[in-house]
Amino acid sequence: MIAVGVGSQLDDSGFAPIPACGRDANDLLKTFREQQGLYADPDGCIELSPLASRPPTKALIRSQLKKLASGTNPENRLVFYFSGHGVRIGDELYLAPQDASDCDDVETLVALAEVKELLSLSPAK
């Protein structure tokens, strides 16, 4: 599981702060780790948020998705959770990482299509 919480971006990005996003990711991850019956491997639960030691940058989100997807097997379930801003540019949807510099610049955003593609490479359910 990857829980991403992005409460703020770079100052001139055009995104307003959403302070609760880091807490959202942290709370969800905590639930997955502690709730019996979810069978979440604590070592496989990754938090990217201001509350964690790993900031939710574009590069880190992408690398952790690749790492998690490649480390699964068909019996696993793979969960990606994102709390933060998203934008539609044309027909495409994007997630705004912490280092997004402009709400209209796709080079600084994470394409939802890429997230789906990376997750689809996993043999997990």
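Modeller: We begin with the naming of elements, where helices are DSSP runs of H or I of at least four residues, strands are runs of E of at least two, and both are numbered from the N terminus. Please also keep in mind that this is a predicted model.

Biologist: With that naming in hand, where is the place of Ala-96?

Modeller: Ala-96 sits in the loop between β5 and β6, and Thr-108 lies in the loop between β5 and β6 as well.

Biologist: Is Ala-96 buried or exposed?

Modeller: Buried means under 20% relative accessible area. The relative accessible area of Ala-96 is 1%, so this residue is buried; Thr-108, at 14% relative accessibility, counts as buried too.

Biologist: Which residues is Ala-96 in contact with, leaving aside its neighbours within four places in sequence?

Modeller: Once neighbours within four places in sequence are left aside, Ala-96 is in contact with Val-6, Gln-9, Phe-15, Phe-82, His-85 and Leu-109. The C-alpha atoms of Ala-96 and Gly-7 are separated by 9.8 Å, although these residues are 89 residues apart along the chain. For Thr-108, with neighbours within four places again left aside, the contacts are Lys-58, Pro-97, Ala-100, Ser-101 and Asp-102, while its C-alpha atom is separated by 23 Å from that of Asp-24, 84 residues apart along the chain.

Biologist: How should I read the strands on either side of that loop?

Modeller: The general idea is that strands of a sheet pair through backbone hydrogen bonds, either parallel or antiparallel. Here an open sheet of three strands has the order β4-β5-β6, with antiparallel pairing. Because β4 and β6 stand at the edges with a single partner strand each, one side of each is left without a neighbour in the sheet.

Biologist: How many bridges join strand β4 to strand β5?

Modeller: Four bridges join β4, residues 86-89, to β5, residues 92-95. The hairpin of β4 and β5 has two residues between the strands, and in it Gly-90 takes a positive phi near 65°. On the other flank, two bridges join β5 to β6, residues 110-111, and there Tyr-94 stands opposite Ala-111.

Biologist: Which residues touch the most other members of the largest nonpolar core?

Modeller: A nonpolar core is a set of buried nonpolar residues joined through side-chain atoms within 4.5 Å. The largest one has 17 residues, of which Ile-2, Val-4, Leu-48 and Leu-65 touch the most other members. At least two residues of this core come from each of β1 (2-5), β2 (46-48), α2 (58-70) and α3 (112-120), and α2 gives the largest share, five residues. Leu-65, leaving aside its neighbours within four places in sequence, is in contact with Ile-2, Phe-80, Val-115, Leu-118 and Leu-119. A second, separate core of seven residues includes Tyr-94, Ala-96, Leu-109 and Ala-111.

Definitions and conventions:
Residues are numbered from 1 along each chain as its sequence is written. This is a predicted model: local features need pLDDT of at least 70, side-chain atom pairs count only at pLDDT 80 or more; totals for chains, interfaces and linings use all residues. Side-chain values use heavy atoms; hydrogens and water are left out. Buried means under 20% relative accessible area, exposed over 50%, partly exposed in between (1.4 Å probe, protein chains only). Contact means heavy atoms within 4.5 Å. Two strands pair if DSSP finds at least two bridges between them.
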